[in-house]
Amino acid sequence: MATAEATMNSKSIIEQFQQYVVPNYRRYPIALARGEGSYVWDAEGLRYLDFFPGWGCNLLGHCPEPIVKAVQEQVATLIHVPNTWYTEAQGRWAKLLSERSFGGQAFFCNSGTEANEAAIKLVRLHAPKGRYKIITFEGGFHGRTLGATAATAQPKYHEGLGPLMAGFVYAPFGDLAAVERLIDDETAAIMIEPIQGEGGINIPPEGYLAGLRKLADDHGLLLVFDEVQTGCGRTGQWFAYQHFGVTPDIMTLAKSVCGGIAGGALLTTAEIAPSLRPGMHAATFGGNPIAARAGIAAIEMIENEGLLEHARALSEIFRQRLIDLQGKCELVRDVRVLGLMIGVELSIDGTGVVQGCMDRKLLVNCTHNTVLRLLPAMNLAPQQVHDGCDILAQVLQEQAG
Ligand SMILES: *Cc1c(COP(=O)(O)O)cnc(C)c1O
């Protein structure tokens, strides 16, 4: 495999950013140059074990061979054609997604926020006249464009952006009666992540999603699941909703849907799909041949390598290691695991733990100040789970003093 090593050192790479790149991200002072599986290397050649590869996008690890091969082949054949033409790959990708979910049709875009914008438009276009409100949930996250920002019920993401798009009402996560109270004759849909990711790996209480399905059915609303983070095998099922036996009317995907290449999708039933009629919505690059080939390759790789089962087995190792850690370390308040969505709630701010892990060459994330979040690759080796958990245990013991 080709290895394009960085030609600059970390210090000069960082200086170049400081002069020329908009400072809208807080970045760690590490410049990454290369990745393979669950390892990444920095510009100096130091190796890190990555338990948060690509912010959840690299569910198949870094540079998985089937994705690399499909993309290399496609990029030399046809890079892009607009959606005024047909391509075999886009239709086949839609078929594979449809067959693994609820048998509907797909609209393709390039990111999670775009998939959610499409869902918001589809809800409004499909709803009976006068209905436009969408109920979303506190602690949820739906993306950074303005519609998705309004859908995201977290005040910190709204600061300074007002006036926000109207038509969203916010419910506490996990409280069915509160949702029912918010429904009125202008309500069109309920939109939720089946497991809140950015909000701290929050798993809904027993029966909650089924309760939302029933409320939607009773009141003639659409149920939208944002599976941008939970989807495509992350939880050990193709889609998280399959754990709960509850089917949405609309589902959005992105992050890992193309095995690390940029891509997004909306799936809906064949009855609802025509509401997104010609002229009402589009994405120039949506479903392009490279994304489509990568999307197909990701599904095939998961099946050929038995990765759904492997993810469930890895999940059990993580669960046992982390529950064991909870028993030994007073800083661990709660462990929340569904497949390879893993949250460790701490009694302290997690910044020092993330830094401590980084110092020992393990990459993890912390969300909402106190929740360590791991979104590891499905094709980790069990030994890598143990290696990473050993480091995490060591760092937490140190922090506990
Ligand atoms: C990351 C994420 C998004 C936004 O996806 P982008 O590709 O960054 O636009 C939306 N919803 C959920 C649940 C996410 O985790």
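Which helix gives the largest share of the lining of the largest cavity? That share, three residues, comes from H9, where helices are DSSP runs of H or I with at least four residues, numbered from the N terminus.

The model is predicted, with local features needing pLDDT of at least 70 and side-chain atom pairs counting only at pLDDT 80 or more, while totals for chains, interfaces and linings use all residues. Residues are numbered from 1 along each chain as its sequence is written, and side-chain values use heavy atoms, leaving out hydrogens and water.

**The cavity**

A cavity is a set of points, on a 1 Å grid over the protein atoms alone, where a 1.4 Å probe fits but cannot get out, and its lining residues have an atom within 4 Å of a point. The count is one cavity of 30 Å³ or more, and the largest cavity has a volume of about 80 Å³, taken as the space filled by probe spheres set on grid points joined across faces, edges and corners. Of its 13 lining residues, Cys232, Trp238, Val257, Ile299 and Ile302 are the closest to the centre. Helix H3 (88–100) and helix H9 (289–304) each supply at least two lining residues.

**The two domains**

An automatic or database assignment gives domain 1 (69–304) and domain 2 (310–340).

| Between domain 1 and domain 2 | Value |
|---|---|
| Distance of C-alpha centres | 28 Å |
| Buried area (accessible area, 1.4 Å probe, lost by both parts on being put together, summed) | about 720 Å² |
| Salt bridges (Lys or Arg side-chain nitrogen within 4 Å of an Asp or Glu carboxyl oxygen) | zero |

In domain 1, Ile203, Arg234 and Gly236 lose the most area to domain 2, together 49% of what that side buries.

Definitions and conventions: On a 1 Å grid over the protein atoms alone, a cavity is a set of points where a 1.4 Å probe fits but cannot get out, and a pocket is an open set with protein on both sides within 12 Å along at least five of seven lines; lining residues have an atom within 4 Å of a point. Buried area is the accessible area (1.4 Å probe) that two parts lose on being put together, summed over both.
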